[in-house]
Amino acid sequence: MQREATQIACLACGATRVVPGLGTHETGECPRCHYLGWTYSDELDGTMRRMIMNGEFATHATDPTTRVRRPG
C-alpha cells in the first residue's frame, strides 16, 4: 500500500515541507529549526501564523500547563 504525501508546517518557524507519511520517523524534526511540532499546512489560520512568526506558539506549546485544543 502506497502512502499519500502530506504537506506539513513547523509550529516554531512556519517552514513547510512534504512528508511521505505522518509517523514520527517520517515527519521528524524541522530541517530549518529542528523543532518537532507540526500541523497540516492547510489548517494554519492567520492567528496561528502570527503566533509562529512571533515565536509565541513554540514557547506556548512546550508549556506543560497549557493545553492546545482543536475547534469543533
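So, disulfides: this structure holds zero of them. A disulfide is a covalent bond between the sulfur atoms of two cysteines, and here the cut-off is a pair of cysteine sulfur atoms within 2.5 Å.

Before going on, a word on where this comes from: it's a predicted model, where local features need pLDDT of at least 70, side-chain atom pairs count only at pLDDT 80 or more, and totals for chains, interfaces and linings use all residues. Residues are numbered from 1 along each chain as its sequence is written, and side-chain values use heavy atoms, with hydrogens and water left out.

C13 is in no disulfide either: its nearest cysteine sulfur belongs to C30, at 3.7 Å.

Are C10 and C13 buried or exposed? C10 is buried, at 4% relative accessibility, and C13 is buried too, at 13%. Buried means under 20% relative accessible area, exposed means over 50%, and partly exposed is in between, using a 1.4 Å probe and protein chains only.

Next, H34. You'll find H34 in the loop between α1 (24-27) and β3 (38-40). Helices are DSSP runs of H or I with at least four residues, strands are runs of E with at least two, and both are numbered from the N terminus. Most residues other than glycine have a negative phi. H34 isn't a glycine, yet its phi is positive, about 75°.

Last stop, T39, in strand β3. T39 counts as buried, at 13% relative accessibility. Skipping neighbours within four places in sequence, T39 is in contact (heavy atoms within 4.5 Å) with I8, A9, L11, L44 and M48.
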